[in-house]
Amino acid sequence: MVGENCYDVTKYPAGNPREDIGAVINSIIADIKNRQAVADVNDGGKPGSVIYIPPGDYRLVTQVVIDVSYLKIVGSGHGFTSSSIRFNTPASELAHWHEVWPGGSRILVDTSPEAADGEAAGAAFYVKRGGNPRISSVEFADFCIDGLHFIDDGSGQNDAENTYRNGKTGIYVGSANDSFRITGMGLIYLEHGVTVHDADALAIDNNFIAECGNCIELKGMGQASRIANNFVGAGYRGHSIYAENYAGILVSSNNVFPRGASSVHFSGVVRSSVTGNRFHSFYPGMLVFAANCCENLVSSNHFLRDREPWAPMQKYDNGLDDLFGLLQIDGSNNSLIANHISETIDTKYIKPPEVKPVIINVVSGSGNYIASNHIVATAEISQKDKSDAPNSACFSTQVSALLSTGNSTLLDVTTVLVQKESVRNTVLDSGNDEQVVMDRTVNAFRGTPVPGQ
Amino acid sequence: MVGENCYDVTKYPAGNPREDIGAVINSIIADIKNRQAVADVNDGGKPGSVIYIPPGDYRLVTQVVIDVSYLKIVGSGHGFTSSSIRFNTPASELAHWHEVWPGGSRILVDTSPEAADGEAAGAAFYVKRGGNPRISSVEFADFCIDGLHFIDDGSGQNDAENTYRNGKTGIYVGSANDSFRITGMGLIYLEHGVTVHDADALAIDNNFIAECGNCIELKGMGQASRIANNFVGAGYRGHSIYAENYAGILVSSNNVFPRGASSVHFSGVVRSSVTGNRFHSFYPGMLVFAANCCENLVSSNHFLRDREPWAPMQKYDNGLDDLFGLLQIDGSNNSLIANHISETIDTKYIKPPEVKPVIINVVSGSGNYIASNHIVATAEISQKDKSDAPNSACFSTQVSALLSTGNSTLLDVTTVLVQKESVRNTVLDSGNDEQVVMDRTVNAFRGTPVPGQ
Amino acid sequence: MVGENCYDVTKYPAGNPREDIGAVINSIIADIKNRQAVADVNDGGKPGSVIYIPPGDYRLVTQVVIDVSYLKIVGSGHGFTSSSIRFNTPASELAHWHEVWPGGSRILVDTSPEAADGEAAGAAFYVKRGGNPRISSVEFADFCIDGLHFIDDGSGQNDAENTYRNGKTGIYVGSANDSFRITGMGLIYLEHGVTVHDADALAIDNNFIAECGNCIELKGMGQASRIANNFVGAGYRGHSIYAENYAGILVSSNNVFPRGASSVHFSGVVRSSVTGNRFHSFYPGMLVFAANCCENLVSSNHFLRDREPWAPMQKYDNGLDDLFGLLQIDGSNNSLIANHISETIDTKYIKPPEVKPVIINVVSGSGNYIASNHIVATAEISQKDKSDAPNSACFSTQVSALLSTGNSTLLDVTTVLVQKESVRNTVLDSGNDEQVVMDRTVNAFRGTPVPGQ
């Protein structure tokens, strides 16, 4: 029989994909398992299938549960648009909008997860399989998962659509896995975009994962994975890119924009790379290495921190002050080489008031190598408040803020602070004698030469 | 109804895609707008569509005008081949060629734009929509746009197919946009490949855009975009990668080959990254930062400049001399770190004669940080003229030239020149005391140590 | 006629793709050539075609021979799983496995190549065309090529499935070519994954090429190509990424895991880049520049060498000892900048016993620039032998080994060794005075400052 391993959710005889695409896909998976029942027949037997989601709006009421290898779910459109701008635009303006929802091959996640049931329960796509081998080569490509709305967080702010909370996860992988691919997706308005446990050789490439509470989270333990060429931007209290107890990750060429609590947060991650990314944040703590991260490379990245220019979000931040470090390092033998770091802020917003902001803060460990980093710190000169721009003008507000490099003076910062707990570090050409603060009897130092001296 | 949002240009009932695919696609877009007329119905309503272009030759007479979000136009083949070699090969040889045109899912741009009508008028695909929200998530993937021929430029050279002029643009985006994707395309023999105004989170990835007058141009103003993993190579008077008034661009892992007037030209671009690219050029001015570019990072790139080895193009260049700088920087607080820069040229081709070529030329601004760059300058020893190789042997001529590293002597160059107008720059390990020319009383300097000294 | 250039191997009237997909594809190619017979008709004529391979198991008995441009062969699943783990797992355990073979759109290479016939004879897909122009824009995407088994190598080890030998090649390109793309593929259990001669503007991106004897090999001569964003890992005697006589290659953002004899091996390669990769190896000789490689850039890479932790493979290695250099450079004017290099090994495994391992070994040439590299060398403290872990627990064994950064002491190494044959090199901030061994009268040196000195 031909074409038996190609499914189209709109042509499958069971269920209605417009009303519950989850039930349809689960039915397809059952069909695959029924048809591909024998593990070894004629040197094969379980090649898996592809499930196609044409452009359209598909409500998901039933969670999809994937426990077969070699399943590819693919659409024809990542369908991102900014729901954040939309939900901060007055209804009177919205009435004239061309469209108000994301699109493409779009899953509307219409589940009602209970917080008590945990993250897995709130997942639109839940991958889990016990036994051996690890589930392999599941692929998600080129469709949109939209969490629709955020919900009130009980803070009394009465600002539900800006909470980044709704208990929903786009893709949740709960068991050890190999050679998965998540590519070309659009994920939006989910509390968690992609959460993967125990990954080996996972690729998360070329996705658009933004306006999610958290975007990419690697949990459990794992190795040899890549997060590359994504557009990423979490909410003010979430992670844009997070990993714990992983080795050999390559975080490369991502464009990570605000407003994540961090751009990259590693916990106990070792022998991994963060190279060639562009990071933009509104808060300190852009890159955090916690819980003894060792032997990682951070190179050729562009870091920019400035202040939130868009009125609806100016009341939120990640709670960290300017002594935390734009980058904070807990761990040993890491390398920070050849990065550009820009911080620009009106001095009246520095917290605590009048402190010198810390750019790279080494809080523990030893043997870190910090060399050839260029740190540019400028104080914006106060302008008239821009908050009278309409909320729908988010784009022009942001770009205008970014382009305003001229209207500033130099800001005095500590470019590198090595805490007493940390020793045998080497700091080269990453700040002059006054900008680098550490015990020079137990660390090595060569200051960036100062013009005219 | 199923599959309603999937179109195939060869199966659409209106028009003939072989004769005018533009009219067919416009008819499809009208159908999408007619079917998806309501902005908000059942949490959706305008998911867009996918239009498939199977492999084949499709003439485009009517400009495609796109004003709907979430439209994906996709083919099955980028179809690049070198029309430049073909048009410089004698007809007698061509008679034996297997094929002479590009292929794949190929659009033959057969419009006759008037220069007076501007670039938009000459576009095969023209995206424009007023009002709100910005048009979002339009995607172009995996097809070929071929401008067919260049035309005489009135220079009297009688060399029409080598002018890089025909008034045609492949994709022209004329209004503010969000989360567009241009991936896997092949663009050839267009005066402008891709021109995008006012982009937010634009991805231009994995394309093959070559033998175009200009390849990638970001205009207006914009932010947070990525140009990655492309093959790019403009004509001798055009831009390979150009941007103006953008912030937060990531230009990463591109392989940019000759013969663009520049490899990267930024004008008023700030807080952006150029990392991990391979650049090859035949002229000075490979990377130009003009009009006060600030806080950009240029790192881990490989720059190579040598002389055009292919006879048909040796009479052309970009008009710049060797004092212009292989890289020219107008702006402040930029970082040039960890780049390799090779220049190799027969001294008889240096312009003005016998000057010391300038590699990095800082012409204005302040606070630039230039560190750990390795500059290799060699003088080729003259060989017998290779121009008697047949024009069709472009490939072997080019590779032979590139591989000939052995036959050279050291060339005396100024590795870094900081003009008087520019102050407070820092130059470290990017040339020795004699190779770096600047006022050391107002800039900081540490020379690369010299062997044996 | 519509859709004539779109083929589906399961719907083509000739042959049975389950029994011999090779014969089916050859028949399709013959049909394309028959239908597209005229080189220039109405500005086109030979646009090529797309051949779709749905998910499924397809045996290949007849070699596919490709001699038409613009042919795209595409599947819906790379289908990788670890056959290496499977073949090292006892049958009693396998009986409970969910699946045992790779999947996706999977080619089972069931040919019986004779070694005497050479690599081309053993290729599943063989691309070759004489004459002009060079064959262009052939694309392979998103399917799996599985060599099924390795065979006994006559070594007497009686370990056939671990020999990485079977005479099979996945894709072999034997003649000059332009603008090819190999993307999203899964290649496994082939003696050679992808071998391409004489490439121009070749893209090998986003593939999973592992458990092959050799993975990516660029031969002959060529230019301006890209190997990016791949997962790669060859066998203990093969190359993960190999190139000879190429210029302008960009090897970028790959995650290269063990156990290749090398991660990158260049022979006579010039003016190329190795940037932003993550390399992991179990042996010395991770990066080898042989036969006078010149003007290449190696930057922002993470290198890790430790010892094979998985029992079935611990008896194999690449035969090199610790004096060979983790990186060995034969050539001139190369740049090694801003890399992190970790070596961790129990001192009892150092060969020859008790030598100081060499990290960067410059064996010939001149003018190399080695700056801002951070070399971390640690001696693992012996633990109880982990080889009693079951072989199927490869993943947890590997990750546990990688995460064990704490249990070690500093290891004394030569960070940079410049042999007498090599002169006029510059070594900066890549080891202290004792760690860098070279003739300081003919090379330039600045040691990394030492803490407390």
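Biologist: Is Ser372(B) buried or exposed?

Modeller: Ser372(B) is buried, at a relative accessible area of 3%. Buried means under 20% relative accessible area, exposed means over 50%, and partly exposed lies in between (1.4 Å probe, protein chains only). This is a predicted model, where local features need pLDDT of at least 70, side-chain atom pairs count only at pLDDT 80 or more, and totals for chains, interfaces and linings use all residues. Residues are numbered from 1 along each chain as its sequence is written, chains are lettered from A and ligands numbered from 1 in the order in which they are written, and side-chain values use heavy atoms, leaving out hydrogens and water.

Biologist: Where does Ser372(B) sit in chain B?

Modeller: Read the DSSP runs: helices are H or I of at least four residues, strands are E of at least two, and both are numbered from the N terminus. Ser372(B) is in the loop between strand S37 (369–371) and strand S38 (374–380) of chain B.

Biologist: How do I read the interface of chain C and chain A?

Modeller: The size of an interface is often given as the accessible area lost when the parts come together. Here that loss is taken with a 1.4 Å probe and summed over both parts. Chain C and chain A bury about 5900 Å² between them, with 54% from carbon and sulfur atoms. His98(C), Glu99(C) and Phe395(C) supply 12% of the area that chain C buries against chain A, more than any other three residues. The contact joins 75 residues of chain C to 85 residues of chain A.

Biologist: How many salt bridges are found across the interface of chain C and chain A?

Modeller: The rule wants a side-chain nitrogen of Lys or Arg within 4 Å of a carboxyl oxygen of Asp or Glu. It finds 5 there. Arg59(C) and Asp43(A) meet in a salt bridge, at 3.2 Å from N to O.

Biologist: Which element gives the largest share of the side of chain C that touches chain A?

Modeller: H5(C) does, with 7 residues. By class, that side has 27 nonpolar, 37 polar and 11 charged residues. Asp, Glu, Lys and Arg count as charged; Ala, Val, Leu, Ile, Met, Phe, Trp, Tyr, Cys and Pro as nonpolar; the others, Gly among them, as polar.

Biologist: What about chain C and chain B?

Modeller: The buried area is about 5900 Å², and carbon and sulfur atoms give 54% of it. This contact takes 85 residues from chain C and 75 from chain B. There are 5 salt bridges between chain C and chain B. Asp43(C) pairs with Arg59(B) in a salt bridge, the closest N and O atoms being 3.2 Å apart. The side of chain C that touches chain B has 28 nonpolar, 38 polar and 19 charged residues.

Biologist: And Val269(A): buried or exposed?

Modeller: Val269(A) is buried, with a relative accessible area of 0%. Val269(A) lies in the loop between strand S27 (262–267) and strand S28 (273–275) of chain A. Not counting residues up to four places away in sequence, Val269(A) touches several residues, including Tyr246(A), Ile249(A), Cys293(A) and Cys294(A).

Methods:
Contact means heavy atoms within 4.5 Å. Buried area is the accessible area (1.4 Å probe) that two parts lose on being put together, summed over both.
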